[in-house]
Amino acid sequence: MKIGSLFDLLTGQTDGAPLPPGAAGRRNMLLLIQLRWFAVIGQALTIAIVHWGFGLSLPLGWLLLAPAALVVLNLVSYPVVSRRAAITDGEIFTALCIDAAALTWLLYFSGGASNPFSALFVMQIVLAAVLLRRRYVWIFVLGTSGILAALTLFHKPLPLPEGADERLGLLVQGSLINFMLIAVLLAAFVSRTIRNVRARDAWMADSRQQAAEQEHIVRMGLLASGAAHELGTPLASISVLLGDWRHIDAIRSDPELVADVEQMQSEVDRCKVIVTNILMAAGAARGQSPKVMRLSTFLNDVASEWRERGVGTMTVDVLGPNPRDPHIIADEAFRQVLSALIDNAAEADARALTLNAVADGEQIILTFTDDGPGFPEEILSRLGQPYQSTKGRAGAGLGLFLLVNTMRTLGGEVVAENRREGGASIQLRLPTEALTPK
């Protein structure tokens, strides 16, 4: 066992990151393996001290079989558990039963229930209560109680020296050592295990939050696809009317009105594109193959489309990607959230935004930095939750929410922070394969 692992077990240190139930079981099994090393060392030392220090004649051959078997079990189980992603309660229950069997073997050859170390069964019951579901706990309690009762009748007597005072002294010393051992191991192990349980609970809370957010996104998607269907007819009518207006002499003779009509037609065409993209994302539009392009082309297209809309005076620069420029699928949802990020910077009165792209065979990292006022602390602390906005209008605050959930769908993550020199920074990290053509 590594020194770091020993220190962690004694202090209860852990990273505290959320853990799924199976991963928490894996970590608890590793803790049991660590605790078993303590048990082996303690058993060997106790046997040696009693046999040679106190001069009691013990059946060494039989007694040493238990720690030897535990050593073999640890050497075999550690690499198996390390490779596993999850461990079940049934497997932890089996491991505790093996430990109880080893303790039973030792007690049988050293006085049975009269041995002070028989109280170690209490520690194993506590571990079972912390680690296992109620069904397994009560089975373990009944089993160990039956074993202890049997040890009162069936055991090899401990060859104590003659004289009640000496016998009492040895029992008191053994009880004191046993109490200290149980207290230290329980304090170390239970505190560490409780951290694992809290990490599992945090994972479950995160999962429930993600499920609620996904349900919210589904509702939004249904509303968006329905609205897209409904908007198709009025947009077509507006487009026809604008075409008619172009032929009206009063409009044709006024350059300003002609420019206004052209701008209106451009905005209507853009609305049509947005509606088409929504329907494609919802599966309502088919027959078009997804576009495949270089990452640099995709990012420059996003920046160019934003500039052409003329919604602000902010400058947008795209750097990279380096060291590679992979081919990706031009995912429309991803394109929209990138465009929304640029919109957010412009609405925050930033004068310049830089998009720095880094890509290799495993990961794509896109970093947006601007010179605006930065994020309020309440937005950073609740990043990705819906309707967190300082814009003060109904429905605002969905941009970052959609960004975080789109990145989560792609297997990526979002990191937002305020820069020391001023402005905000948002970094998107996602696996390259998430956008790579199959």
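Okay, hi everyone. One thing before we start: what we're looking at is a predicted model.

Let's begin with two helices, α6 and α7. Helix α6 covers residues 120–131, and helix α7 covers residues 134–153. They pack at an angle of about 170°, and their axes are 9 Å apart. Now, anything over 145 degrees counts as roughly antiparallel, so that's what we call α6 relative to α7.

So who's doing the touching? On the α6 side, the contact is made by F121, Q124, I125, A128 and A129. Over on α7, you've got V137, F140, V141, T144, I147, L148 and L151. If you sort the residues in that contact by class, you get 10 nonpolar, 2 polar and no charged ones.

Let me pick out Q124 from that list, which sits in helix α6. Is Q124 buried or exposed? It's buried, because its relative accessible area is 8%, and the cut-off for buried is under 20%. And what does Q124 touch, leaving out residues up to four places away in sequence? Those would be D99, A100, L103 and F140. F140, you'll remember, is one of the α7 residues in the helix contact.

Take W62 and F109: they're stacked, at 5.6 Å centre to centre with 5° between the planes. W62 is in helix α3, residues 60–63, while F109 is in the loop between α5 and α6, so this pair ties together parts that are 47 residues apart in sequence.

How accessible are those two? W62 is partly exposed, at 47% relative accessible area. F109, on the other hand, is buried, at 9%.

F109 has another partner too, and that's Y108. Here the ring centres are 5.0 Å apart and the planes are at 90°, so we call this pair edge-to-face. Y108 itself is partly exposed, with a relative accessibility of 32%.

Now zoom out a bit. Which residues do the ring pairs link into a cluster? It's W62, W105, Y108 and F109.

One last stop, with a charge and a ring. Have a look at R135 and Y136: the charged end of R135 sits over the Y136 ring, 4.9 Å from the ring's centre.

That's my tour. If you take two pictures away, take α6 roughly antiparallel to α7, and the ring cluster of W62, W105, Y108 and F109. Thanks!

Technical notes
Residues numbered from 1 in each chain as written. Predicted model: local features only at pLDDT ≥ 70, side-chain atom pairs only at ≥ 80, totals over all residues. Heavy atoms only, no water. Axes fitted to C-alpha atoms, helices over the stretch in contact; angles between N-to-C directions. Helix = DSSP H or I, 4+ residues; strand = E, 2+ residues; numbered from the N terminus. Parallel < 35°, antiparallel > 145°, perpendicular 65-115°, else oblique. Contact = heavy atoms within 4.5 Å. Nonpolar A, V, L, I, M, F, W, Y, C, P; charged D, E, K, R; others polar. Phe/Tyr/Trp six-rings, centres within 6.5 Å; stacked < 30°, edge-to-face > 60°. Buried < 20%, exposed > 50% of the residue type's maximum accessible area, 1.4 Å probe, protein only. Lys NZ or Arg CZ within 6 Å of the ring centre and 35° of its normal.
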